Amino acid sequence: MRRINPTYDADDLYDDYDDEDYYDEEYEAQEAAMLAAQYGSSQDLNAQQQQQQQQQQQQQAPPPPDAFPAAPAPAPGAQSFIISNSKKQNKKGKNKGKKSNANAQHPSQQQQQQQQQQQQHGQQGQSAMDLTGKVFQMTELLDGVPQARIREALQAHGGNMDAAMSQLLDEAHANNTTKGTGTDSKPAAASKPVVLSLGGAGKGESSSASQTPAAAVASAAPQANAASAAPEAAPAPKPKAAPSSRSGAGAGAGAGTASAGAPGPGAYAKFVSKLDKLKLDPGEADEKPNLNLVVIGHVDAGKSTLMGHLLYKLKYVSQRDMHKFEKEAKVLNKGSFAFAWVLDEHEDERERGVTVDVGVKYFETEHRCVTLLDAPGHRDFIPNMISGAAQGDVAILVVPASTGEFESSFQHNGQTKEHAILARYCGIRKLVIAVNKMDMCEWSQDRFNEVVESLRAFLLQGGYAAEDLIFVPVSGLAGVNLVDPLPAGVADWYKGPSVAQCIDAMPPVARPANKPLRMVVADIFKTILLGPITVSGKIEAGVIKEGESVMVAPSMVLAKVKGIHRHRGKEIVPAKYARAGENVDVGLQGIEDTMVGLTSVLCEAKFPIPVVQYFEAEIATFDGLAVPLLNGTQVQLHTQSSQAVAHILKLASVRQPDGKDKANPRFIRKNQTARVFIQTQDSICIERHDDFRPLSRILLRQNGVTVAAGRVLDFKSPKKKKLR
Ligand SMILES: Nc1nc2c(ncn2[C@@H]2O[C@H](COP(=O)(O)OP(=O)(O)OP(=O)(O)O)[C@@H](O)[C@H]2O)c(=O)[nH]1
């Protein structure tokens, strides 16, 4: 990811946001239809799940093949909740630690205090039933914190759950910091992170960094037999927490389990229902809605040239710079790439005439603030394309109309189809299809129609709706039909909008501001104003605020938001907050640069994103799957926020042509729908589909080919048969 010119803003979708719209049934149905249309199923996915679960109960799963490779120990820092060990935190931690020690040494005092608080509580009119309900809710969110302590905190705050939760989290951080220092009297090394002990791992459990895969499996799946999970591994510690039962509200996530960051089912919804009640500050008035626009298509289709020329026409590139690009491109014998150089800034890209990384630019149309993401077309750089598509709300699919070029871009190995399908799986619904290089076919209406018909049929089959597709004839090189409508005499048969008019008319995509914060880091750089750790990316959910703490997953360190920059046209505008849908720069303080990386997720400190190594998923396999998937097959797993080496731990079931699911298949062929258990080599940040769909999507690739796509159903490993 490259930020080409720092910044211009966008946004505001909060006022337009409607949870019902965002999670609409129509969308749900479309996704299901997409799977069904392509992969031969029309069954309701929930019904399938239930059916599969019943089948599973009836048939005991076989043990995994002996050949299944044992996963290496998780990367240091992964799966652990760590907070940075700043001096301020140490100090706070000491004080809190002393306070809680004092409490522990004097239970009678504690009781007296409790009684006093109960009296106060009674005076405040808080019913015992209310309090018990709150204690129960908070127990779900704060795994490992004794109920008595939760009750005490609630009473101290007059039954205010938010205040009590904050206090308990603070205490946990402080306790943890104190533990990290060894004793109160010895300050810790300033930069050494410590494990947050709130949750199951708090009392003497080892951190996940040192845990064996077997232990991880055992902890992740209480039903699994720890010994059979990985027979060669070191003896597994007895699992202490049932991960399905408790949330990881930050916390919860008992560090040291395979599902360390995985809250139990329902925890997300509970947390959200609490957040929903919070009135979000409407903040600064936003002028124009933001649009994250990704440009995709086969290599050399003309993506960078088209967008570079569009930016030039919109006056985002000066004539002086354009002359410079033309001169320099000619020197390299790449004169025709001058407009592409607006976006392809790396020397390497310019010399090769190929986009490698996602180029990012910001511009405005009359009604939209656009974050432009120019994705690479070459198949070697599909992972980068996925990263760009994951940030997009809508896409421009560029296809060359020139004879032979369209055909090769559209054939089996061409990236036109692959990009379109990947974009759909990344959640993009609306496509502007720029039928480019029309100058090379003399603006022939027949050729345009031929391209449109072939593409339309494919895209409809691939899960796009007819009304979400707009086909526009253009010449990126000549700059025709980019901003102004077609001049008379060029292609009088076309009466539709130009590319810029299409962009301007794109409806903003609603994003949930009232969900736990999730911002996937797409780039890291240094800025003078935001400091040495500035990250950028799209906020998928929630709100990020200046001065507040965010959790950085998967290293699980707390960082302070030093500042936020929005991009508005050519300007960078400091902001007090930014919310879902915006693509912003955020300065982070109080962490080391090693704790944040590309694809890290900034999240709600009280409800971080799950960090897991095992999950159950529903997948649909593609034509590209040359060799059937077996138990133990290795794949490259891509999510919006992570890439990881992964293994199909177990094939749980496969959809039959008659719509029924067959349990425990021996293999899965191309174009089938299946339920599988997956293990990743390193911990990844991911959500359940039922919790937060945009971050639940997965793509599986093998040898540079996308072989399947799907969604995470739950965090668990398959049942294992007991070894006799
Ligand atoms: N004749 C003609 N050539 C074009 C047009 N658009 C792009 N080209 C040429 O196509 C070649 C590739 O253009 P790029 O813009 O680099 O293509 P791209 O799709 O961005 O390529 P990657 O990002 O590497 O996948 C260049 O030589 C362009 O000049 C067009 O409308 N007409």
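Predicted model: local features only at pLDDT ≥ 70, side-chain atom pairs only at ≥ 80, totals over all residues.
**Entry 1: a term to settle**

A residue counts as buried when its relative accessible area is under 20%. I looked up Arg-566 with that cut-off in hand: its relative accessible area is 3%, so I noted Arg-566 as buried.

**Entry 2: the partner of Arg-566**

Which residue forms a salt bridge with Arg-566? I found Glu-582, with the closest N and O atoms 2.7 Å apart. Arg-566 sits in strand E15, while Glu-582 belongs to the loop between strand E17 (577-579) and strand E18 (583-589), so the pair ties together parts 16 residues apart in sequence. Glu-582 is buried too, at 0% relative accessibility.

**Entry 3: further salt bridges**

Arg-655 pairs with Glu-618, and here the closest N and O atoms are 3.6 Å apart. Strand E22 (residues 643-655) holds Arg-655 and strand E20 (residues 611-621) holds Glu-618, so this bridge ties together parts that are 37 residues apart in sequence. Arg-655 is buried, with a relative accessible area of 5%, and I read 5% for Glu-618 as well, again buried. Both residues also turn up in a network of salt bridges that links Glu-618, Arg-655, Asp-661 and Arg-711.

Arg-688 forms a salt bridge with Asp-714, with 2.7 Å between the closest N and O atoms. I placed Arg-688 in the loop between strand E24 (673-685) and strand E25 (697-702), and Asp-714 in strand E26 (residues 705-714), so the pair ties together parts 26 residues apart in sequence. Buried or exposed? I noted both Arg-688 and Asp-714 as buried.

**Entry 4: around the ligand**

I moved on to the ligand and its shell of 21 residues, where Lys-303, Ser-304, Thr-305, Ser-336 and Thr-355 come nearest. Which helix gives the most to this shell? Helix H12 (residues 303-313) does, with three residues. By class, I have seven nonpolar, ten polar and four charged residues in the shell.

A backbone N or O atom of Ser-336 is 2.6 Å from a ligand oxygen atom, and a backbone N or O atom of Gly-302 lies 2.9 Å from an oxygen atom of the ligand. On its own the ligand has 650 Å² of accessible area, and the protein covers 93% of that.

I checked the loop between strand E14 (549-553) and strand E15 (557-568), where Pro-554 lies. The peptide bond from Ala-553 to Pro-554 is cis, with omega near 5 degrees. Met-556 is in the loop between E14 and E15 as well. Met-556 has a positive phi of about 55 degrees although it is not a glycine, and at 1% relative accessibility it is buried.

Asn-481 is another non-glycine with a positive phi, about 65 degrees. I located Asn-481 in the loop between strand E9 (469-473) and helix H19 (499-505), buried at a relative accessible area of 2%.

**Entry 5: the whole chain**

I finished with the totals. The chain has 19 helices and 26 strands, and buried residues make up 58% of its 724 residues. Among contacts between residues at least 6 apart in sequence, 75% join residues at least 24 apart. I also noted an accessible surface of about 29,400 Å², with 51% belonging to carbon and sulfur atoms.

Key. Residues numbered from 1 in each chain as written. Heavy atoms only, no water. Helix = DSSP H or I, 4+ residues; strand = E, 2+ residues; numbered from the N terminus. Buried < 20%, exposed > 50% of the residue type's maximum accessible area, 1.4 Å probe, protein only. Contact = heavy atoms within 4.5 Å. Areas by Shrake-Rupley, 256 points an atom, 1.4 Å probe, with all protein chains shown as cover. Near = heavy atom within 4 Å. Polar contact = N/O pair within 3.5 Å; in protein donor to acceptor, adjacent residues only side chain to side chain. Nonpolar A, V, L, I, M, F, W, Y, C, P; charged D, E, K, R; others polar. Salt bridge = Lys/Arg side-chain N within 4 Å of Asp/Glu carboxyl O.
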